Amino acid sequence: MPAFLVKHIKPKECYFIRHQVLWQHKAIVDCGIDIDEQEGAFHLGAYKGEELVCVASFFRQRQAKFSEQHQYRLRAMATLSSAQNTGAARALLNTSFQILKEKGQDLLWCDARIKATGFYEKLGFQKLGDTYSIPIIGLHYLMYKTLKV
């Protein structure tokens with residue numbers, strides 16, 4: 001299994017992979033998220049050699065369905081098709097778990113596309129509730145991972 005370097009990146013560095021994998025229906029310049037620059041937000045990229053192959057964004061955002069005070073939200077996680085099932089996304093999320101624990105966070109949650117739920121479950125996420133639809137994108141589950149024992 002190849003080793004991946006995971007590091008902090010700027011929001012605009014996420015646009016290409018967000019566009020390729022998640023939002024082909026948008027122009028690449030519109031692949032930003034309105035809260036990309038909010039206080040506490042951070043973005044991670046997984047590199048295979050010099051190539052950025054996986055990105056994800058993390059935001060200090062509460063989901064009312066959880067009682068934990070210190071929550072972060074995972075958004076726009078995407079891996080290039082050439083790097084899927086290689087461990088890049090796992091390496092990226094494992095790095096994020098450590099960062100979030102160091103920040104004193106209790107919970108990480110996300111809106112997970114149906115096809116990604118098995119991946120998230122392998123990393124300790126759990127589903128909450130039934131599926132729901134996000135227009136244009138499709139069916140999702142609310143998923144979460146407890147970060148503190």
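This is a short tour of the model, stop by stop, with what to select and what to look for.

Before you start, keep in mind that this is a predicted model, in which local features need pLDDT of at least 70, side-chain atom pairs count only at pLDDT 80 or more, and totals for chains, interfaces and linings use all residues. Residues are numbered from 1 along each chain as its sequence is written, and side-chain values use heavy atoms, with hydrogens and water left out.

**Stop 1: the sheet**

Switch to cartoon view and colour the strands. Helices (H or I, at least four residues) and strands (E, at least two) are DSSP runs, numbered from the N terminus. Seven strands make an open sheet with mixed pairing, in the order β1-β2-β3-β4-β5-β7-β6. Two strands count as paired if DSSP finds at least two bridges between them. Select 5-8 and 126-134 to see the edge strands, β1 and β6, each of which pairs on one side only. From one strand to the next, the twist averages 25 degrees; axes are lines fitted to C-alpha atoms, for helices over the stretch in contact, and angles run from 0 to 180 degrees between N-to-C directions.

Strands of a sheet pair through backbone hydrogen bonds, either parallel or antiparallel. Both kinds are on show here. β1 and β2 run antiparallel, joined by four bridges, and Lys 7 stands opposite Gly 45 in β2. β3 and β4 are also antiparallel, over five bridges; pick Ser 57 and you will find Arg 75 of β4 opposite. β4 and β5 run parallel with four bridges between them, and Arg 73 has Trp 109 in β5 as its bridge partner.

**Stop 2: strand β4 and Tyr 72**

Now select residues 71-79, which is strand β4. Eight of its nine residues are buried, where buried means under 20% relative accessible area, exposed over 50%, and partly exposed in between (1.4 Å probe, protein chains only).

Zoom in on Tyr 72, which lies in this strand and has a relative accessible area of 0%. Show its contacts (heavy atoms within 4.5 Å). Leaving out residues up to four places away in sequence, Tyr 72 touches a group including Gly 40, Phe 58, Arg 60, Leu 100, Lys 103 and Trp 109. For a distance to check in the viewer, the C-alpha atoms of Tyr 72 and Asp 106 are separated by 8.3 Å, though they are 34 residues apart along the chain.

**Stop 3: aromatic rings**

Display the Phe, Tyr and Trp side chains. The structure holds six aromatic pairs. Rings of Phe, Tyr and Trp (its six-membered ring) pair if their centres lie within 6.5 Å; planes under 30 degrees apart count as stacked, over 60 as edge-to-face and the rest as tilted. Phe 42 and Tyr 72 form a tilted pair, 5.8 Å centre to centre with 50 degrees between the planes. Phe 42 lies in β2 and Tyr 72 in β4, so the pair ties together parts that are 30 residues apart in sequence. Both Phe 42 and Tyr 72 are buried.

Next, select Phe 97, Phe 119, Tyr 120 and Phe 125, which ring pairs link into a cluster.

**Stop 4: the helices**

Select residues 15-22 for helix α1, which lies across β2, β3, β4 and β5 and runs at about 70 degrees to β4. Its buried residues are Tyr 15, Ile 17, Arg 18, His 19 and Leu 22, and they pack against β2, β3, β4 and β5. Then select 88-102 for helix α2, which lies across β1, β2, β3, β4, β5 and β7, at about 35 degrees to β3.

**Stop 5: cysteines**

Cys 14 is buried at 0% relative accessibility, and Cys 31 is buried at 0% relative accessibility.

**Stop 6: two positive phi angles**

Most residues other than glycine have a negative phi, and most peptide bonds are trans. Pick Ala 76, whose phi is near 55 degrees; this residue is in β4 and buried, at 14% relative accessibility. Finish at Asn 85, with a positive phi of about 65 degrees. Asn 85 is in the loop between β4 and α2 and is exposed, with a relative accessible area of 83%.
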